[in-house]
Amino acid sequence: MTQAAFFVLTALADQPRHGYGILREVEELSEGAVQMRVGTLYGVLDRLTADALIVLDREEVQQGRLRRYYRLTDEGTAALDAEAERLAAGASAAKKRIAEGRRGPGITDVPATGPGLAGGLA
């Protein structure tokens with residue numbers, strides 16, 4: 001699952017949203033790391049719809065413009081949950097490995113000073 005798809009599904013996890021609402025929510029949820037253009041968003045929405053992860057919830061006309069609201073399907077909720085678990089497990093493994101690396105043999109946080117191994121200056 002792409003990062004954009006993950007955040008679109010996350011944006012729809014609590015309620016149906018229209019395109020612009022999804023864009024705003026994705027930017028907020030990702031703390032600005034994911035900023036999609038409208039064309040990219042609708043490409044993601046088309047793929048998620050084709051994969052039956054989201055469906056069109058309703059259409060409304062506001063100020064003369066048609067707004068399409070999308071919502072998660074049960075499959076979309078399951079896919080989002082599975083991806084969140086996968087990402088969390090990966091993050092946990094990375095944090096564990098980083099912590100082990102800091103405690104690993106031969107690794108110190110104190111820089112070497114003084115003469116080199118042979119007693120001379122490097």
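These are my notebook entries on what I looked up in this structure.

**Ground rules.** I am working with a predicted model, in which local features need pLDDT of at least 70 and side-chain atom pairs count only at pLDDT 80 or more, while totals for chains, interfaces and linings use all residues. Residues are numbered from 1 along each chain as its sequence is written, and side-chain values use heavy atoms, with hydrogens and water left out.

**Overall layout.** I looked up the secondary structure and found 4 helices and 3 strands in the protein chain, where helices (H or I, at least four residues) and strands (E, at least two) are DSSP runs numbered from the N terminus. Along the sequence they follow the pattern α-β-α-α-β-β-α. I noted an accessible surface of about 8700 Å² for the protein chain, with 52% of it belonging to carbon and sulfur atoms; such areas come from the Shrake-Rupley method with a 1.4 Å probe, and for residues only the protein chains shown count as cover. Of the 122 residues in the protein chain, 27% are buried, a word I use for under 20% relative accessible area, with exposed for over 50% and partly exposed in between (1.4 Å probe, protein chains only).

**The sheet.** In what order do the strands of the open sheet stand? I read the order as β1-β3-β2, with antiparallel pairing; two strands pair if DSSP finds at least two bridges between them. β1 (17–18) and β2 (54–62) each have a single partner strand, so one side of each is left without a neighbour in the sheet. Between β1 and β3 (residues 65–72) I found 2 bridges, and there R17 stands opposite Y70 while H18 stands opposite Y69. β2 is joined to β3 by 8 bridges, and E59 has R68 as its bridge partner in β3. These two strands, β2 and β3, form a hairpin with 2 residues between them, and Q63 in the turn has a positive phi of about 55°.

**The helix α2.** I listed the buried residues of α2 (residues 19–29) as G19, G21, I22, L23, E25 and V26. Their cover includes α1 (3–11), β1, α3 (38–50) and β3. Just after α2, E31 takes a positive phi of about 55°.

**The core.** Which residues have the most contacts inside the largest nonpolar core? They are V8, I22, V26, M36, L48 and I54, in a core of 22 residues; a nonpolar core is a set of buried Ala, Val, Leu, Ile, Met, Phe, Trp, Tyr and Cys residues joined through side-chain atoms within 4.5 Å. The helices α1, α2 and α3 and the strand β3 each supply at least two residues of this core, and the largest share, 7 residues, comes from α1. I then followed I54, which, leaving aside its neighbours within four places in sequence, is in contact (heavy atoms within 4.5 Å) with residues including L9, L45, L48, Y70 and L72.

**Rings.** My search of the whole structure found 1 aromatic pair. The rings of F6 and F7 have their centres 5.3 Å apart and their planes at 80°, so the pair is edge-to-face; rings of Phe, Tyr and Trp (its six-membered ring) pair if their centres lie within 6.5 Å, and planes under 30 degrees apart count as stacked, over 60 as edge-to-face and the rest as tilted. F6 counts as buried at 15% relative accessibility, and F7 is buried with a relative accessible area of 14%.
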